[in-house]
Each structure stands twice: as structure tokens, then as C-alpha cells.
Amino acid sequence: MADEPLVLGIETSCDETGVGIVRGTTLLADAVATSVEEHGRFGGVVPEIASRAHLEAMVPTVQRALDQAGIKASDLDGIAVTAGPGLAGALLVGVSAAKAYAYALDKPLYGVNHLASHICVDQLEHGRLPEPTMALLVSGGHSSLLLTSDITSDVRSLGSTIDDAAGEAFDKVARVLGLGFPGGPVIDRYAAEGDPAAIRFPRGLSGPRDPAYDFSFSGLKTAVARWIEARRRAGEEVPVRDVAASFQEAVTDVLTRKAVRACLDQGVEHLMIGGGVAANSRLRAMAQERCERAGIELRVPRMKLCTDNGAMVAALGSEMVWRNRRPSAFDLSADSSLPVTETHVPAAPVSHDELHRMSE
């Protein structure tokens, strides 16, 4: 274990300031500072508030992670940071901090992809990823089916959300029901006491001519809102728990059905589920049932590792060092739309002529 890369990871793509420390595939520290309560009264994340919160939380959160791991910053083998995708201002705070730490400590810098990090974090729970692995990533901003044969260099997108992501739909339905923000955890709690078969809500993009691996939750969100409005106009009570359970059932049905289909179509025997919505209890249960029937091994990290955190960034950074991937340059910049196929942002290779000039 002592020979494995010791990497600190910084995650600031949204409203969580996450700092993790990983040695190889072993988690040593996972420190998180959240600004979720500050966003709650607005019904969603406010980018400017998130950026300010990252600025205030960064240094103490890094120190807390170092203390948890029982190491000094000089012991590190590298610094990894989420370079994208995410909120531009929030990403900039993390990237700037990572560059400062890497420069001051004379350590290599790795700007990594947020989505690839969500896949790689499973290595901290279940060991190194089988190659290939199918990944279903579901969060507030993404619902994606990804196929990877090498988490550091080969991630291919099979399908994604064409409108509202699953997590976004949870937030919007919770708002219509008056349950607050964030919507995922509260919908899950109310659904546990409701009837998932009470209302048959639509399953988007599930027809025979629809894209096999893409997702659409905008129509579902609208259908739920209209159903609730119709009940209220009629002066009838809205059965909140049944609505929550029926909505949740529609989302998880689509997600798991498409994920299992992708595994069978591609001949992949391992399915990993990650992202904030992977903490949903019904999604986990339905995925387990369907994977067992299809002969697919399911890998889902524990709930704390599903939401945004620095541990996932450190895990991917450690893998980059272990596989000898080229570090990023110190002119690394945040990219709010970084494609998942770019698992990290390496420095441009130095040409022979440049090396010659540098040696003169």
C-alpha cells in the first residue's frame, strides 16, 4: 500500500466543497463543506452563492482532510481537481486552489472529469473496476449511460438526458408538492409510505422507436405537475405519498430498464451506478432485482460516496498517477461543458524543438 499513489482531490463543481485523500484504492479522508442550506430558500443552487461558499470553505476543508488522513501536504504524490463539467464559477475556485497547492508543494496537477470521477469512486468500495464496465450516472445535472474499458483514457457515452436530468426532475416535483429542496432525499422518504402503483405516470423515451439509451424526464415532470394541479382545482386533497412513490417508480423504472438493456446489448457483465440519485433506495433495490435476473453484477458505492465529494476526484487522480498519465499544465482552466470522453486535461506534449530550446 505504501507504494501506491497518495493523492488529494478537490471537488467544487456545484454546491459541495469536497476534499478527499486516497492512497491507491484506499480512502484516507473525505471532508465536505456544503452550502445547501443557503440555496434552499431559492429552490435550487445559486451559482454566485456556491462560488462564494467554496472560497470560504476551501482552506479549512483541505486542512481537515489532511488531519483526518494523518499526513502532511508534502507527503502527497499529486493534486487532482474537477476541471469540468459543472458551474463555471464554482469550478474556477477549485481549479485555482488546486493549482496553488500543486505549485507551492511542487506536485503534479491533474484536472479530471467530474463524471469519470463518479465512476472511479466505486474503486474505493469494491476494488478496481472490471474492464469493461457499464456506468449509469444519475444526478441533478446528468443522466448518462457510459461504457468504460479504462477509466483514465476510454469512456464512451452511449446515452444521456435530452432535457431534464433525473435529479432535476426530483427537485421540481418536490417543489410542486411543497416538500422543499433538495428533492431527492425528501421524495425518497415520502415514497416509502406511498403506493408506487397508485398513479401510472409516463415513462419517457420508452417506445420501440425511441433512442434506446437516452433519457427524458421533462414530460414526466410536466405530467406530475398537471395531475397535482387538476386535483387542487377540483378541491381534492393531493395524496403526496402516493404521488411521490408513483413518480419515483417511473424514474427508476426507466433508468434501470435502459441500463440493463445497455449491458445486455453490449455484452457487459458489470453495471456501476453513481451520482447523487444513486442514493435513492428504490433505484438501488430495482437495479439489484433486474441485474440479478439478467446475470449482471451490480456495483453501487455507499451513499456518502454517491453525492459530490473530493474522494472521487482523488480516486481518479490516484489512478492517473498509477497508470502514468500525463499531468495537466499550470495554465489549466475550468471547462463547464467538458465532455465525458475527456477523462482528464493533460498538458500538451513538448516537442523535440521545444526541449532543445529549453536545454539551451
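How many residues does helix H10 have, and how far does it reach from its first C-alpha to its last? Helix H10 (residues 281-294) has 14 residues and reaches 20 Å, close to the 20 Å expected at 1.5 Å a residue. The expected span is 1.5 Å times one less than the number of residues. Helices (H or I, at least four residues) and strands (E, at least two) are DSSP runs, numbered from the N terminus.

The model is predicted: local features need pLDDT of at least 70, side-chain atom pairs count only at pLDDT 80 or more, and totals for chains, interfaces and linings use all residues. Residues are numbered from 1 along each chain as its sequence is written, and side-chain values use heavy atoms, without hydrogens and water.

Leu283, Met286, Ala287, Arg290 and Cys291 of H10 are buried (under 20% relative accessible area, 1.4 Å probe, protein chains only). These residues lie on the same side of H10 because they cover an arc of only 130 degrees around the axis, taken from the directions from the helix axis to the C-beta atoms. On the other side, Glu292 and Arg293 are exposed (over 50%). The buried residues pack against strand S6 (133-138), helix H9 (240-266), strand S9 (270-274) and strand S10 (297-299), with contact meaning heavy atoms within 4.5 Å.

Both ends of H10 were examined. Gly295 follows H10, and its phi is positive, near 75 degrees.
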